[in-house]
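Trainee: I have a protein structure open and would like to learn how to read it. Could you take me through some features step by step?

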Amino acid sequence: MATITLKSGAKMPQVGFGLWKVTKSTCADTVVAALKAGYRLLDCAGDYGNEKEAGEGLRRAIAEGIVKREESSPQRQEVWNTFHKREHVKALAKKQLEDWGLDYFDLYLIHFPIALEYVDPSHRYPPEWFGDDGKVHLQNTPIQETWEAMEEILEAGLAKDIGVSNFNGSILCDVLRYAKKPISALQIEHHPFLTQEALVKFAQSQGIAVTAYCSFGPQSWVELNMHSEAVSLLRDQPVVNSIAEVTGRTTAQVLLRWATQRGLAVIPKSNSEQRVLENFKCTDFDLTEEQIKQISALNINFRFNDPGSIDQRLAIFA
């Protein structure tokens, strides 16, 4: 299994299984099926609303002898925007660990460099973007406070590695200036329409493992009735279709290999058992340098996941 070494020395599987948009009713079975297919990296977050069910699936897989705890890696358990204050980070981590039925997370990330007004989990969880009045409420908590709380999580043994998500280069530079514990990982939107090559190179130059989400471009958003006008990378992109035909692979495998061959981890998700297996087998072939360049040339700097579309005050990618 292809892996990427994190700052702790842990080996993170390069191909993981994403749990975004997996329903509560199917999540436990989906986790068991993914682990049975060979995945050992589970990507989850409090905002997904399925932590308890994901934990149930992991416990079932362990009980059935499919996987051992030390082999599985619930990678992206994250601190949501409403929990950025120092006193809220550790309390949230403990709640999430309890929901999963775990003693520690392999990797714990800050979901966005955005601080929103605290929402007590007993009132609403996941809290999402809006208050009870349907409006976005910002909170003046600097990232430094949140990162220092993450370091406390690491020191307390609640996580083996810590990192960030949706951070750009300037914010990474800022955290690197005061971080006492290393940034192990960065998770970003990354696909041929948004290659973010400079950010990827900068992170990798600092020894920060980069994980790509949204590897299939608009696919995940079309399922939410968003960005339906976007060209499908899986069906309607001649360059990708041509390379898939030449290599004898699916377009999904080509897109995933384009990322993994350049040193990124990926976390695809599918409801199809066949595609779950196919996506997992995306590192046993190579693209040529020319094919990689052809796919990268599709870049138009188009971002699907932009909080600025929710509220202009959240335009972190402006």
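Mentor: Happy to! Keep in mind that this is a predicted model. Let's begin with the sheet.

Trainee: How many bridges join β6 to β7?

Mentor: Three bridges join these two parallel strands. To find one place on the screen, look for E78, which stands opposite L109 in β7.

Trainee: And over how many bridges do β7 and β8 pair?

Mentor: Strand β7 (residues 105–110) and β8 pair over five bridges, in the parallel sense. One spot to look at is L107, whose bridge partner in β8 is D161.

Trainee: Now the helix pairs. What describes two packed helices?

Mentor: Two things are used: the angle between the axes and the distance between them. Take helix α3 (residues 86–100) and helix α4 (residues 143–155): their axes come within 8 Å and cross at roughly 40 degrees. The two helices are therefore oblique to each other. Their crossing is right-handed.

Trainee: Which residues of α3 and α4 make the contact?

Mentor: From α3 there are R86, E87, V89, K90 and A93, and from α4 there are E145, T146, E148, A149, M150, E152 and I153. By class, the residues of this contact are five nonpolar, one polar and six charged.

Trainee: At what angle do the axes of α8 and α9 cross?

Mentor: Helix α8 (residues 238–247) and helix α9 (residues 251–260) cross at roughly 100 degrees, with axes that come within 9 Å. That makes α8 roughly perpendicular to α9.

Trainee: Which residues meet there?

Mentor: On the α8 side they are V240, N241, I243, A244 and T247, and they meet T251, V254 and L255 in α9. This contact of α8 with α9 has five nonpolar, three polar and no charged residues.

Trainee: Let's turn to single residues. Is N279 buried or exposed?

Mentor: N279 has a relative accessible area of 4%, so this residue is buried. You will find N279 in helix α10 (residues 273–280).

Trainee: What is N279 in contact with?

Mentor: Leaving aside neighbours within four places in sequence, the contacts of N279 are V15, Y39, F216, A252, L256, P268 and S270.

Trainee: What should I look for in the backbone?

Mentor: Start from what most residues do: most residues other than glycine have a negative phi, and most peptide bonds are trans. Then look for the exceptions. K21 has a positive phi near 75 degrees and is not a glycine. K21 is in the loop between β3 (17–18) and α1 (24–37). With 21% relative accessibility, K21 counts as partly exposed.

Trainee: What is the phi of Q196 near?

Mentor: Phi of Q196 is near 50 degrees, again a positive value in a residue other than glycine. Q196 is in the loop between β9 (185–189) and α6 (197–205). Q196 is buried, with a relative accessible area of 16%.

Trainee: And which two residues does the cis peptide bond join?

Mentor: The bond joins Y125 and P126, with omega about 0 degrees. Look for P126 in the loop between β7 and α4.

Trainee: One last thing: how far apart are the C-alpha atoms of D311 and T247?

Mentor: They are separated by 43 Å, and the two residues are 64 residues apart along the chain. D311 is in the segment after α11 (289–296), and at 17% relative accessibility D311 counts as buried.

Terms used
Residues are numbered from 1 along each chain as its sequence is written. This is a predicted model: local features need pLDDT of at least 70, side-chain atom pairs count only at pLDDT 80 or more; totals for chains, interfaces and linings use all residues. Side-chain values use heavy atoms; hydrogens and water are left out. Axes are lines fitted to C-alpha atoms, for helices over the stretch in contact, and angles run from 0 to 180 degrees between N-to-C directions. Helices (H or I, at least four residues) and strands (E, at least two) are DSSP runs, numbered from the N terminus. Angles under 35 degrees count as roughly parallel, over 145 as roughly antiparallel, 65 to 115 as roughly perpendicular and the rest as oblique. A crossing is left-handed if the near helix is turned anticlockwise from the far one by less than a right angle, and right-handed if clockwise. Contact means heavy atoms within 4.5 Å. Ala, Val, Leu, Ile, Met, Phe, Trp, Tyr, Cys and Pro count as nonpolar, Asp, Glu, Lys and Arg as charged, and the others, Gly among them, as polar. Two strands pair if DSSP finds at least two bridges between them. Buried means under 20% relative accessible area, exposed over 50%, partly exposed in between (1.4 Å probe, protein chains only).
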